[in-house]
Amino acid sequence: MKNTPKELTQLALDLTQGISSQDRFDRLLSVIKSLFGCDSSALLAFRDQLFTPLAINGLFEEVLGRQFLIDEHPRLEAIARAGDIVRFPHDSDLPDPYDGLIPSHQGKLHVHACIGLPLIANETLIGALTIDGFDPHQFDQFSDEELRVISALAAASLHTALLMEQLERQAVSMPESHGQAALQAGKSSQAVKVEMIGKSKIMEDLRSHIQAVAATELTVLITGETGVGKELIAASIHQASHRSSQPLIYLNCAALPESVAESELFGHVKGAFTGAISDRKGKFEMADGGTLFLDEVGELPLALQAKLLRVLQYGDLQRVGDDRVLKVNTRIVAATNRQLHEEVKQGKFRADLYHRLSVFPIMAPPLRERGNDIVLLAGFFIERSKGKLGIQSMRLSREAVDVLSAYPWPGNVRELEHAINRASVVARAESSNLAFIELQPHHFELLNTPSQQAQHASALSNETRQKSPISVETNIGLKDATNRFQYQLIDDCYQRNNHNWAATARELELDAGNLHRLAKRLGLK
């Protein structure tokens, strides 16, 4: 192997240098490219039957956002189960996970050289290194023994990075007495790890904030626009905390009718009200010892806010219809897309509760501020979508990447997911070849230029005027006219607020529960 000693020495030195894990991974693949002259390579971590790319060379950037289920990728499954070097026959019928994802090669990788190196530490599979070349005999000169040396160095690099990550997490979030238990639980905790896709600076800062506050018992208030992934942030905080072995309970405050909200939060006893046929725990009790995530907390009615404040202050609660006081040890993580400080000024939210909730505020960044994360997230959603649709390989065209990158994403990550799913379905319907599909701009229904957006806004304005209550027919009964008026008003408001019922309720100055019931009656839901 030409220049092998020098290259391998550099790999070994990288393991001892004080560089970031990402730099170490990127250097590893640079050395692999130099050694093998390969057309593409990838370093992947293995966790919970998933291979997740950590670094790539010679592949489209969207690959970094993908997660490869071994059940859907036979080559990766073969690597995971082999325990040693895997040389795939150059004419193998097994589909390659990178079909269509190498910029210099379009479509299916029919005949090519492919090597998989399982990365093993402490007799456990922690990842894989894949090496591909277009020349079928490109790697014939390299012996298995030489490849095992590369595999051992790559495994050591990945194991070092994972160990440092685990130790940093323990040092921040675990009391010393929990150290050994955490080391024993390391494998299982990785298996359920919540993944936040993105490598932008703003996402790295977000991860740092999550790691810092997770180690504490502080109440967290997550703010941000709708669709940014506030639920994922809450799950990440819980998982990184010492409460991770206890439940994370979710409650959507916006969907709570006021009549049952207190019971949902605090529980009730048998006979407390009509329909209370047995004792029932509330969300606070269910989350005792763990974390309670209050989504859209700004939608809680003022009367309930006072009772919530008491639980936060003293840790005790009373079930509806019960005089007994129960003690709970529940951590609160709340989220809202409202500007709660403005709500406080307007008297719509209690100032004392706001200060209790916002001990440690975290701002979830909108997608438009996350740069190339858009492409990584698109790759993540494409990988999930193609499996559901029975498509072997699917990727974004360069033009589609430009379109997605230029779009402002008012609905954020949720809108991107829906856009990818819809585009996948449209592209599949157009294509007669399910082996490889490339998503093009026309598969997406997005408004990408200021002029298009202005035209759309103007069209919406004209449509709103055409639907104006003034135009309601006068030759109908008052009840029908009132229903039409309410339907048009709510529908217009709902569209303006990007299909967000909570924001619609605020603009219409309605209780969220009442709005949901009214929308159902009118046929809007």
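How many bridges join strand β7 (residues 220-223) to β14, and do the two strands run parallel or antiparallel? Four bridges join them, and the strands run parallel. This is a predicted model, in which local features need pLDDT of at least 70 and side-chain atom pairs count only at pLDDT 80 or more, while totals for chains, interfaces and linings use all residues. Residues are numbered from 1 along each chain as its sequence is written, and side-chain values use heavy atoms, with hydrogens and water left out.

**The parallel sheet**

- Strands of a sheet pair through backbone hydrogen bonds, either parallel or antiparallel.
- Here, five strands form an open sheet with parallel pairing, in the order β8-β11-β14-β7-β15. Two strands count as paired if DSSP finds at least two bridges between them. Strands (E, at least two residues) and helices (H or I, at least four) are DSSP runs, numbered from the N terminus.
- At the edges stand β8 (248-252) and β15 (360-363); each has a single partner strand, so one side of each is left without a neighbour in the sheet.
- From one strand to the next, the twist averages 20°. Axes are lines fitted to C-alpha atoms, for helices over the stretch in contact, and angles run from 0 to 180 degrees between N-to-C directions.

**The antiparallel sheet**

- Another open sheet has six strands with antiparallel pairing, in the order β3-β2-β1-β6-β5-β4.
- Its edge strands are β3 (68-69) and β4 (86-88), each with a single partner, so one side of each has no neighbour in the sheet.
- Helix α3 (residues 74-82) packs on the sheet, where it touches β2, β3, β4, β5 (113-121) and β6 (124-133). The direction of α3 makes about 155° with that of β4.
- Strands β1 (residues 40-47) and β2 (residues 50-57) pair in the antiparallel sense over seven bridges. Ser41, for example, has Asn57 in β2 as its bridge partner.
- In the loop between β1 and β2 you will find Gln49, which has a positive phi of about 65° although it is not a glycine. Gln49 is partly exposed at 39% relative accessibility; buried means under 20% relative accessible area, exposed over 50%, and partly exposed in between (1.4 Å probe, protein chains only).
- The loop between β5 and β6 holds Glu123, which is not a glycine either and has a positive phi of about 60°. With 82% relative accessibility, Glu123 counts as exposed.

**The nonpolar core**

- A nonpolar core is a set of buried Ala, Val, Leu, Ile, Met, Phe, Trp, Tyr and Cys residues joined through side-chain atoms within 4.5 Å.
- The largest one has 47 residues, and those with the most contacts inside it are Phe51, Leu404, Trp409, Leu439 and Phe444.
- Helix α14 (residues 373-389) gives the largest share of this core, seven residues.
- Domain 1 (3-166) and domain 3 (368-443) each supply at least three residues to the core; the domain bounds come from an automatic or database domain assignment.
- Leaving aside residues up to four places away in sequence, Phe51 touches several residues, including Phe46, Phe68, Leu76 and Leu125.

**Salt bridges**

- The structure holds 25 salt bridges, each being a side-chain nitrogen of Lys or Arg within 4 Å of a carboxyl oxygen of Asp or Glu.
- Arg148 and Glu145 form one of them (3.3 Å, N to O). These two are three residues apart in helix α4 (residues 144-173), which means about one helical turn separates them. Arg148 is partly exposed at 32% relative accessibility, whereas Glu145 is exposed at 52%.
- Arg338 and Glu299 form another (2.9 Å, N to O). This pair links distant parts of the chain, 39 residues apart. Arg338 is buried at 11% relative accessibility, and Glu299 is buried at 9%.
- Glu62, Arg66, Glu383 and Lys386 are linked in a network of salt bridges.

**Helix α19**

- Trp501, Ala502, Ala503, Thr504 and Ala505 are buried in helix α19 (residues 501-508).
- The buried residues of α19 pack against α18 (478-496) and α20 (512-522).
- After α19 comes Glu509, with a positive phi near 55°.

Key: Contact = heavy atoms within 4.5 Å.
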